[in-house]
Amino acid sequence: MEAIHTHNITKLELEVEEARLLLLLNEKEELYSKHFTRKGSNELIGVLSQSDPYKNKMLNYTHDLTKPQDKYSGQSLEDVIKEQANKVGCKRYYLMKMETALSTFEDASDDSIIYELYYLIVVKGLSKNKAINNVAARREISSRGIYKNHYKKLLKELDKLKKSKIGTLEVQ
């Protein structure tokens, strides 16, 4: 069964992805510093020297940035940074979709049961059955009625959320 990542888990995953991107960007900066190190207050070593002009330093830097490395499974640092930035963007987009759907249900005050179900399933991470039983017990109505009348409406939004998720969904 495909499961929707909960809001909190997705937020944590986003933080991890952003931290990894930051580490990769720091590594890129270190690579730049390796090729263009400062010798004093404002003189760069080798940048304008006759033996190794700036052009060669930049070519060496670009070559090191784009050459495949074993620690990145044969990918270049530049490719890994692009891939990681894409993952961060996808996680942000997925979170935005969750929050947009949640605010849409929150604004629809006529059907707060759907909002409550969405909140319990997506934000709290409860299963469909537990969420329906929880709402039914709290409102003192039958869980069968909630399933027939409200969950089927919510299912369309949950399907949209599953389709907007880039990559594979977790199996529950």
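I started with burial: 33% of the 172 residues in the protein are buried, where buried means under 20% relative accessible area, exposed over 50% and partly exposed in between, using a 1.4 Å probe and protein chains only. I kept in mind that this is a predicted model, in which local features need pLDDT of at least 70, side-chain atom pairs count only at pLDDT 80 or more, and totals for chains, interfaces and linings use all residues. Residues are numbered from 1 along each chain as its sequence is written, and side-chain values use heavy atoms, with hydrogens and water left out.

**Overall layout.** I counted 6 helices and 0 strands, taken as DSSP runs numbered from the N terminus (helices are H or I, at least four residues; strands are E, at least two). The pattern along the sequence reads α-α-α-α-α-α. I then looked at contacts, meaning heavy atoms within 4.5 Å. Among those between residues at least 6 apart in sequence, 61% join residues at least 24 apart.

**Helix α4.** I checked the length of α4, residues 112-123, next. Its 12 residues should span 16 Å at 1.5 Å a residue, and the end C-alpha atoms are 15 Å apart, which agrees. The expected span is 1.5 Å times one less than the number of residues. Since 9 of the 12 residues are buried, α4 is largely enclosed by the rest of the structure. I noted Ile113, Ile114, Glu116, Leu117, Tyr118, Leu120, Ile121, Val122 and Val123 as the buried ones. After α4 comes Gly125, with a positive phi near 85°.

**α4 against α5.** Two packed helices are described by the angle and the distance between their axes. I found that the axes of α4 and α5 (residues 128-139) come within 9 Å and cross at roughly 135°. Axes here are lines fitted to C-alpha atoms, for helices over the stretch in contact, with angles from 0 to 180 degrees between N-to-C directions. That makes α4 oblique to α5, oblique being what is left after under 35 degrees (roughly parallel), over 145 (roughly antiparallel) and 65 to 115 (roughly perpendicular).

From α4, Ser112, Ile113, Glu116, Leu117, Leu120 and Ile121 meet Lys128, Ala131, Ile132, Asn134, Val135, Arg138 and Arg139 of α5. I sorted the residues of this contact into 7 nonpolar, 2 polar and 4 charged; Ala, Val, Leu, Ile, Met, Phe, Trp, Tyr, Cys and Pro count as nonpolar, Asp, Glu, Lys and Arg as charged, and the others, Gly among them, as polar.

**Tyr32.** Last, I looked up Tyr32 in helix α1 (residues 7-35). Tyr32 is partly exposed, at 36% relative accessible area.
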